[in-house]
Amino acid sequence: MADNKKRDDLHIDMGEKRGDYSPMRSPMAAPRTPGPTAAQMPAAINNNPILPVLSYCASSIMMTVTNKFVLSGTGYNLNFFLLCVQSVVCVIAIQMCKSFGIIQYRDFNVDEARKWFPVSLSLIIMIYTSTKALQYLSIPVYTIFKNLTIILIAYGEVLWFGGSVTGMSLFSFGLMVLSSVIAAWADIQHALQSYGGQLSDEASAKISTLNAGYMWMLFNCLCSAAYVLGMRKRIKLTNFKDFDTMFYNNVLSIPILLVASIFVENWSGENVERNFPAERRNSIIGAMIFSGLSSVFISYTSAWCVRVTSSTTYSMVGALNKLPIAVSGLVFFDAPVTIPSVSAIAVGFVSGIVYALAKVKQQAQAKMGQGLPTTNPTTMSASMQSARDSFKS
């Protein structure tokens, strides 16, 4: 699975689906699965940092836009089925890549699957809540509110892992909260102005929809934080790398999502027609398949970007990538373009940059206190990992 799957220095995509990116967000601090090798493409292209950076940004945007396209259909309610299709497509794609020698990951092992199952289950919950939030909220608002996950993870790290929060990080957290407040206020004001004010039934219905989106977004932030913090301990039991994580997350998710879709969702002929209207059926199915492939692209280009550049550059690219993702919602969908909404995007963008700089500074100070990097390599904190995933989602 990609909100996320399926994580920026937090990928949860809805695919990281994915992250989502999570919503498939890689739990490793620095992806060690190699990107394209010199044997597979000319060295000048393989080692040029511009191409992997642009590829990573493009795959993140494609994932978000395609998910929003599917979920923006009138009355779409087969979210578990959407996630199941994405997982199946992802498994098929990475298995084909493995067969051609493009990537490598370990074969399925029952004992490892048992250890990893709680992580996959938490990822399913995280990605499902992200699809519900994205269904009710615009892409800019969804992207802005996703920043709040970073705050939860940072303080969860302080409580359970002895982490610390610097003054610069606190400042970035304040900007994140401010951008979310501005975004919510802009959304509500636009709804009131567009649908006849507070006394209008249409305005009341629109605000109720927004409130539902905010609640799902709150659940998603809490689930995302729990997923990342829980994975920090669980990863030690398996020592998974990027594509190991992707493979097990998707394989373990398929039966759960399929059963949930069959028994929870409405598969009557009328509801299927509502979710897949004849005039949009082919495009919706195509978008569902493409979003599954996007989760593979995100993980692959992430590893490539870190290998060719650095973890620091990668985290900064993730922060900068929030702006085009938010703008894509203005371009491809009917997200309101107003001074408050644009201001919210700008403040959210700046908050991501400030947070990335704060983590870079904090890591540099930690290295100075640890001695030679060759003898005491630093690892990426859970809060930094969360930043990586959220940048992608």
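Modeller: Helix 5 and helix 7 are roughly antiparallel to each other, because their axes cross at roughly 155° and any angle over 145 degrees is put in that class. This is a predicted model. The two axes come within 9 Å, and the crossing is left-handed. On the helix 5 side the contact is made by Val-141, Ile-144 and Phe-145; on the helix 7 side it is made by Ser-179, Ser-180, Ala-183, Ala-184 and Asp-187. By class, these residues come to five nonpolar, two polar and one charged. Helix 7 covers residues 167-194, while helix 5 covers residues 139-146.

Helix 5 also packs against helix 6, residues 148-161. Here the angle is about 15° and the axes are 4 Å apart. That angle is under 35 degrees, so helix 5 and helix 6 count as roughly parallel. The residues that meet are Ile-144, Phe-145 and Lys-146 from helix 5 and Leu-148, Thr-149 and Ile-150 from helix 6. This contact divides into four nonpolar residues, one polar and one charged. Ile-144 and Phe-145 take part in the contact with helix 6 and also in the contact with helix 7.

Met-288 touches Val-70, Tyr-76, Phe-81, Leu-82, Val-85, Gln-86 and Phe-276, leaving aside neighbours within four places in sequence.

One of the partners of Met-288 is Gln-86, which lies in helix 3, residues 79-99. Gln-86 counts as buried because its relative accessibility is 0%. Gln-86 and Leu-293 are 207 residues apart in sequence, yet their C-alpha atoms are 7.6 Å apart in space. Another residue of helix 3 is Lys-98. At 17% relative accessibility, Lys-98 counts as buried too, since the cut-off is under 20%. Not counting residues up to four places away in sequence, Lys-98 is in contact with Ile-103, Gln-104, Tyr-105, Arg-106 and Asp-107.

Helix 3 packs on helix 4, residues 110-136, at an angle of about 120°, with the axes 10 Å apart. The two helices are therefore oblique to each other, and helix 3 passes helix 4 in a right-handed crossing. Asn-79, Phe-80 and Leu-83 in helix 3 meet Ile-127, Tyr-128, Thr-131, Lys-132 and Gln-135 in helix 4. This contact divides into four nonpolar residues, three polar and one charged.

Of its 393 residues, 54% count as buried.

Methods. Residues numbered from 1 in each chain as written. Predicted model: local features only at pLDDT ≥ 70, side-chain atom pairs only at ≥ 80, totals over all residues. Heavy atoms only, no water. Axes fitted to C-alpha atoms, helices over the stretch in contact; angles between N-to-C directions. Parallel < 35°, antiparallel > 145°, perpendicular 65-115°, else oblique. Contact = heavy atoms within 4.5 Å. Nonpolar A, V, L, I, M, F, W, Y, C, P; charged D, E, K, R; others polar. Left-handed = near helix turned anticlockwise from the far one by under 90°. Buried < 20%, exposed > 50% of the residue type's maximum accessible area, 1.4 Å probe, protein only.
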